[in-house]
Amino acid sequence: QVQFVESGGGQVQPGGSLRLSCRTSEFALNYYAIGWFRQAPGKGREAVACIGTSGATTYYQDSVKGRFTISGDKANNVVYLQMNSLKPEDTAVYYCAANTMRVRCMSTQIQHEYNYWGQGTQVTVSS
């Protein structure tokens with residue numbers, strides 16, 4: 001059974017940090033690349049980061065490189081997104097999802113390859 005439950009969102013000042021958690025299944029972590037996406041108010045959904053099975057590969061959107069880190073905890077079936085140096089433009093609902101077509105993260109993320117999604121967690125960055 002594949003399921004995704006996001007948590008860890010909240011409100012933070014610019015420059016602050018948050019760590020998002022995506023609780024999923026052993027099956028998903030072993031067979032699917034896991035991605036983090038976000039959707040800001042009035043905008044479309046965009047890929048933020050991805051981690052392949054066993055953490056062998058990662059992907060980061062250019063705007064978050066050096067600030068965000070994706071990691072996995074196989075013992076607890078959790079994928080994290082550590083977000084540092086947050087900016088107002090990072091404000092969005094963040095979703096985790098499984099790429100059912102890949103075990104590795106590609107340099108370009110294709111959203112229709114992700115077929116299992118969580119409910120989302122709100123991140124608000126404001127002064």
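Which is Cys50, buried or exposed?

Analyst: Cys50 counts as buried, at 1% relative accessibility. Buried means under 20% relative accessible area, exposed over 50%, and partly exposed in between, using a 1.4 Å probe and protein chains only. This is a predicted model: local features need pLDDT of at least 70, side-chain atom pairs count only at pLDDT 80 or more, and totals for chains, interfaces and linings use all residues. Residues are numbered from 1 along each chain as its sequence is written, and side-chain values use heavy atoms, with hydrogens and water left out.

Cys50 is bonded. Its disulfide partner is Cys105, with an S to S distance of 2.0 Å. A disulfide here is a pair of cysteine sulfur atoms within 2.5 Å. The link of Cys50 and Cys105 is left-handed, with -80° about the S-S bond. Cys50 sits in strand β5 (residues 45-51) and Cys105 in the loop between β9 and β10 (114-117), so the bond ties together parts 55 residues apart in sequence. Helices (H or I, at least four residues) and strands (E, at least two) are DSSP runs, numbered from the N terminus. Cys105 is buried too, its relative accessible area being 9%.

The structure holds two disulfides. In the other, Cys22 and Cys96 have their sulfur atoms 2.1 Å apart. The torsion about this S-S bond is about 75°, so the disulfide of Cys22 and Cys96 is right-handed. Cys22 belongs to strand β3 (residues 18-23) and Cys96 to strand β9 (residues 92-99), 74 residues apart. Cys22 is buried at 0% relative accessibility. Cys96 is likewise buried at 0%. Counting bonded cysteines along the chain, the pattern is 1-3, 2-4.

Now the charged pairs. There are five salt bridges. The criterion is a side-chain nitrogen of Lys or Arg within 4 Å of a carboxyl oxygen of Asp or Glu. Asp90 meets Arg38 in one of them, at 2.9 Å, N to O. Asp90 lies in the loop between β8 (78-83) and β9, and Arg38 in strand β4 (residues 33-39), so parts 52 residues apart in sequence are tied together. Both side chains of this pair, Asp90 and Arg38, belong to buried residues.

Asp90 also bridges to Arg67, with the closest N and O atoms 2.7 Å apart. Arg67 is in the loop between β6 (58-60) and β7 (68-73), 23 residues from Asp90. The relative accessible area of Asp90 is 1%, and that of Arg67 is 9%, so Arg67 counts as buried. Glu46 joins Arg38, Arg67 and Asp90 in a network of salt bridges. Elsewhere, Asp62 pairs with Lys65 at 3.0 Å. Asp62 is exposed, at 62% relative accessibility.

Aromatic rings come next. The structure has six aromatic pairs. Tyr32 and Tyr116 have ring centres 6.4 Å apart and planes at 20°, so they are stacked. Rings of Phe, Tyr and Trp (its six-membered ring) pair if their centres lie within 6.5 Å; planes under 30 degrees apart are stacked, over 60 edge-to-face, the rest tilted. Tyr32 lies in the loop between α1 (26-31) and β4 and Tyr116 in strand β10, so the pair ties together parts 84 residues apart in sequence. Tyr32 is buried at 13%, while Tyr116 is partly exposed at 35%.

Two charges sit over rings. Arg45 has its charged end over Trp117, 3.9 Å from the ring centre. Arg19 lies over the face of Tyr80, at 4.1 Å. This requires NZ of Lys or CZ of Arg within 6 Å of the ring centre and within 35 degrees of the ring normal.
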